[in-house]
Amino acid sequence: KQGNKWLLHCGDAYYHHSQVTNEPQAPGGSMFFQRFIATAPKERVRNLGRLQQLTARHGHEVELFSAHDPVELNRYR
């Protein structure tokens with residue numbers, strides 16, 4: 001917990017911060033790379049959907065982050 005929010009590390013569920021918003025706009029190269037290296041693509045997509053729901057419902061209580069996203073990584077340096 002940090003301040004008033006919980007921090008949730010999302011592992012390899014996404015590579016670009018917009019993917020957990022209502023309007024995902026990840027760069028095409030990032031999307032290709034995720035699909036190319038995925039060992040369990042259906043599960044990754046399912047988990048991404050769950051993370052999107054979590055953000056929509058509880059974004060004021062939890063902050064999601066992935067070390068693969070340089071914007072989010074810089075936020076916690």
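Predicted model: local features only at pLDDT ≥ 70, side-chain atom pairs only at ≥ 80, totals over all residues.
On helix 2, the face turned away from the buried side carries the exposed residues Lys42, Arg46, Arg50, Ala56 and Arg57. Exposed here is over 50% relative accessible area, buried is under 20%, and partly exposed lies in between, with a 1.4 Å probe and protein chains only. Residues are numbered from 1 along each chain as its sequence is written, and side-chain values use heavy atoms, with hydrogens and water left out.

The buried residues of helix 2 are Arg44, Leu48 and Leu51. Seen down the helix axis, these buried residues fall within an arc of 60°, so they line one face of helix 2; the arc is taken from the directions from the axis to the C-beta atoms. Helices (H or I, at least four residues) and strands (E, at least two) are DSSP runs, numbered from the N terminus.

Let me turn to the core. The largest nonpolar core comprises eight residues: Cys10, Ala13, Tyr14, Val20, Leu48, Leu51, Val62 and Leu64. Such a core is a set of buried Ala, Val, Leu, Ile, Met, Phe, Trp, Tyr and Cys residues joined through side-chain atoms within 4.5 Å. Helix 2 and strand 2 (62–65) each supply at least two residues of this core. Leaving aside neighbours within four places in sequence, Val62 is in contact (heavy atoms within 4.5 Å) with Lys5, Trp6, Leu8 and Leu54.
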